Amino acid sequence: MPTKEEAEEWKKQLVDNAEQQILNLTDSEKFKSYLDTVAKFHRYSQRNIDLIYSQNPSASQVAGFKKWQNDFKRSVNKGEKGIRIAAPIIKKLTPDDQKRLDTTEEKAIVGYRYIPVFDISQTSGEPVLSAKDFVKENLADHQNVTSLYNAFKDYLNQQTDLKVSEVPLATLNGAKGYFQPSTNEIVIGGDEPDNALKLKTLYHEYAHSQLHGLKSAFKDRPRAYQETQAEAVAYVAMQNIGVDTGNYSLGYVATWAKDKAVIHSALSEIQQVSNKVIELSDGLTKQLGLQAAQKEPEHDLKKLSAQDLNKSYQSLQQQVQQATNPQQKSELQDKLNDVHHEISKRTQKQLKAFSEQNPAIKQPEHNAAKTLKR
């Protein structure tokens, strides 16, 4: 068992290694690899994205040992080494703690522990599909990418204080589009023939509006810094929907990747806006019908243990009670009925087997009737 000092040193080494990997992002290929990780794990904190990237840059989907088994019916391959990520340690606060921390919250994060997770490439079992598999297939069609571009443009015009307009490419002096901070306007080359490039340009200029507008805290960043950030957000957004942007250069980031504090700040800003764009895009692709509903792994009820069946029944009961959407409630009720039917069948089968094995304790029907009349 390691001492407290050894454990702290191990944690420090883990973080130091991650920081060193981030500081090594001085060429476009390494930067692309990092941004691929951002696109895959945008719901994770920047700390955990950095940790995942530093230990396995090609990781695409991670989960804990038991989660792979219970939720995905996959097993971690023998001998695989886990990827360590930070998990918060949450403590219930006493009145004294609340007073000291000046909070009314009942719980607070008091530290972090480093837990192992495993990439899907380290596991074997049933296939795992995500909604992105369907989106990528749908967005291979030119018309669907155009529809997403138009939906995103309409959203920005109707739901935000940004104004998005189009002009002929010939009037842009070689550019594909631009953001004008003084008028909070995004202008796109409307006759761009490459529909994927047109969408990427809109993502790029939207990133500028969020990171480098007049009211932005980052508006005074150097030009090269701003362009790298905006292009990074666009790259992440396109990777998220599964559209290949390999032909578009991210350029070099060595102009600002010299200092630890600067690069962490830059990547944090990229991640914040990327997360926002990804959430917007996911919502729009669903509205457009480009995202087939992701089905949960279908488990054969007959193969589930009695304990798992009971857990499933209790969970579905709770979900039915909490559901507010009538259609969702009906679907959950159907699942609950299926599980109930399987439990009932097993119970009847067990009772029958018990009766056959113990004929001496099976009471004749006429005696049972007499007993009931007393």
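User: Where does Lys73 lie?

Analyst: Lys73 lies in the loop between helix H4 (65–72) and strand S2 (74–76); helices (H or I, at least four residues) and strands (E, at least two) are DSSP runs, numbered from the N terminus. Before going on, please keep in mind that this is a predicted model, in which local features need pLDDT of at least 70 and side-chain atom pairs count only at pLDDT 80 or more, while totals for chains, interfaces and linings use all residues. Residues are numbered from 1 along each chain as its sequence is written, and side-chain values use heavy atoms, with hydrogens and water left out.

User: OK, and what is phi of Lys73 near?

Analyst: Phi of Lys73 is near 55°, a positive value in a residue other than glycine. For background, most residues other than glycine have a negative phi.

User: Does Lys73 count as buried, partly exposed or exposed?

Analyst: With a relative accessibility of 29%, Lys73 counts as partly exposed, a class that sits between buried, under 20% relative accessible area, and exposed, over 50% (1.4 Å probe, protein chains only).

User: Zooming out, how many helices and strands are there in the protein?

Analyst: The protein has 13 helices and 8 strands, and buried residues make up 37% of its 374 residues. Of the contacts (heavy atoms within 4.5 Å) between residues at least 6 apart in sequence, 65% join residues at least 24 apart.

User: Which residues have the most contacts inside the largest nonpolar core?

Analyst: They are Tyr34, Leu35 and Tyr203, in a core of 55 residues, where a nonpolar core is a set of buried Ala, Val, Leu, Ile, Met, Phe, Trp, Tyr and Cys residues joined through side-chain atoms within 4.5 Å. Among the elements that each supply at least two residues of this core are helix H2 (28–40), helix H3 (46–55), strand S3 (83–92) and helix H10 (260–287). Apart from this core lies another, of 7 residues, among them Leu309, Val320, Leu332 and Leu336.

User: And what does Tyr34 touch?

Analyst: Leaving out residues up to four places away in sequence, Tyr34 touches Ile22, Leu25, Gln46, Ile49, Asp50, Tyr53 and Leu267. Gln46, Ile49, Asp50 and Tyr53 are also among the buried residues of H3.

User: Why is H3 largely enclosed?

Analyst: Because 8 of the 10 residues of H3 are buried, it is largely enclosed by the rest of the structure. The cover over those buried residues includes H1, H2, S1, S3, S4 and H10.

User: How do H1 and H10 pack?

Analyst: H1 and H10 pack at an angle of about 80° with their axes 10 Å apart; axes are lines fitted to C-alpha atoms, for helices over the stretch in contact, and angles run from 0 to 180 degrees between N-to-C directions. The two helices are therefore roughly perpendicular to each other, a label used for 65 to 115 degrees. Glu19, Ile22 and Leu23 in H1 meet Lys260, Ile263, His264 and Leu267 in H10.

User: Switching to sheets, in what order do S6, S7 and S8 come?

Analyst: These 3 strands form an open sheet in the order S6-S8-S7, with mixed pairing, where two strands pair if DSSP finds at least two bridges between them. Strand S6 (163–167) and S7 stand at the edges with a single partner strand each, so one side of each has no neighbour in the sheet. S6 and S8 run parallel and are joined by 5 bridges, whereas S7 and S8 run antiparallel and are joined by 4.

User: What lies between S7 and S8?

Analyst: S7 and S8 form a hairpin with 4 residues between them, and Asn184 in the turn has a positive phi of about 55°. Phe179 stands opposite Ile186 in S8, and Phe179 belongs with Gly177 to the covered face of S7, while Tyr178 and Gln180 make up the uncovered one. Helix H8 lies across S6, S7 and S8, running at about 160° to S8.

User: What about the sheet with S1, S4 and S3, how is the pairing there?

Analyst: In that open sheet, ordered S1-S4-S3, the pairing is antiparallel. S3 and strand S4 (residues 107–119) are joined by 10 bridges, and Arg84 stands opposite Pro116 in S4. Helix H1 (residues 4–23) lies across S3 and S4, at about 70° to S4.

Methods:
Parallel < 35°, antiparallel > 145°, perpendicular 65-115°, else oblique.
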